[in-house]
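Please examine the structure shown here together with its sequence. The discussion concerns the terms applied to it and the criteria behind them.

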Amino acid sequence: MAEGIKFSDFTTGEKIHMASLVLRMGKRGMAGPTVDISDLKKKAERIEKRAERRKNKQ
C-alpha cells in the first residue's frame, strides 16, 4: 500500500473494489506462477493514489 495511507482513508466503494481486486489476484495466482496479474496491480495502485490525493487535500 502507498506510504502514509490507511485502510480507513478509502471510501466504501474503494474498499469493495480493492477487495475484489485482491480476490481476483488470488484466483489468478492459483492458476500458476506464469499468469500475469500486473493489470490488476495497476488498478489497485490507481485506487491507492486517488485515496492518497484525497487525504492530502484535507
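The following questions and answers set values against definitions.

This is a predicted model, in which local features need pLDDT of at least 70, side-chain atom pairs count only at pLDDT 80 or more, and totals for chains, interfaces and linings use all residues. Residues are numbered from 1 along each chain as its sequence is written, and side-chain values use heavy atoms, with hydrogens and water left out.

Q: Which residues does Glu14 touch, not counting residues up to four places away in sequence?
A: Glu14 touches Ile47, Arg50, Ala51 and Arg54, with that exclusion. Contact here means heavy atoms within 4.5 Å.

Q: Why does Arg24 count as partly exposed?
A: The relative accessibility of Arg24 is 39%, so Arg24 counts as partly exposed. Arg24 is found in helix H1 (residues 12-31).

Q: What makes a patch of positive charge on the surface?
A: A patch is made of residues with over 30% relative accessible area and no salt bridge, like charges being joined within 9 Å. A salt bridge is a side-chain nitrogen of Lys or Arg within 4 Å of a carboxyl oxygen of Asp or Glu. Arg24, Lys42, Lys43 and Arg46 gather in such a patch, to which helix H2 (residues 38-57) gives the most, with three residues.

Definitions and conventions
Patches are made of residues with over 30% relative accessible area and no salt bridge: like charges are joined within 9 Å, nonpolar side chains (Val, Leu, Ile, Met, Phe, Trp, Tyr) within 5 Å. Accessible areas come from the Shrake-Rupley method with a 1.4 Å probe; for residues, only the protein chains shown count as cover. Lys and Arg count as positive and Asp and Glu as negative; His and the chain ends are not counted. The place of a charge is taken as NZ of Lys, CZ of Arg, CG of Asp or CD of Glu. Helices (H or I, at least four residues) and strands (E, at least two) are DSSP runs, numbered from the N terminus. Buried means under 20% relative accessible area, exposed over 50%, partly exposed in between (1.4 Å probe, protein chains only).
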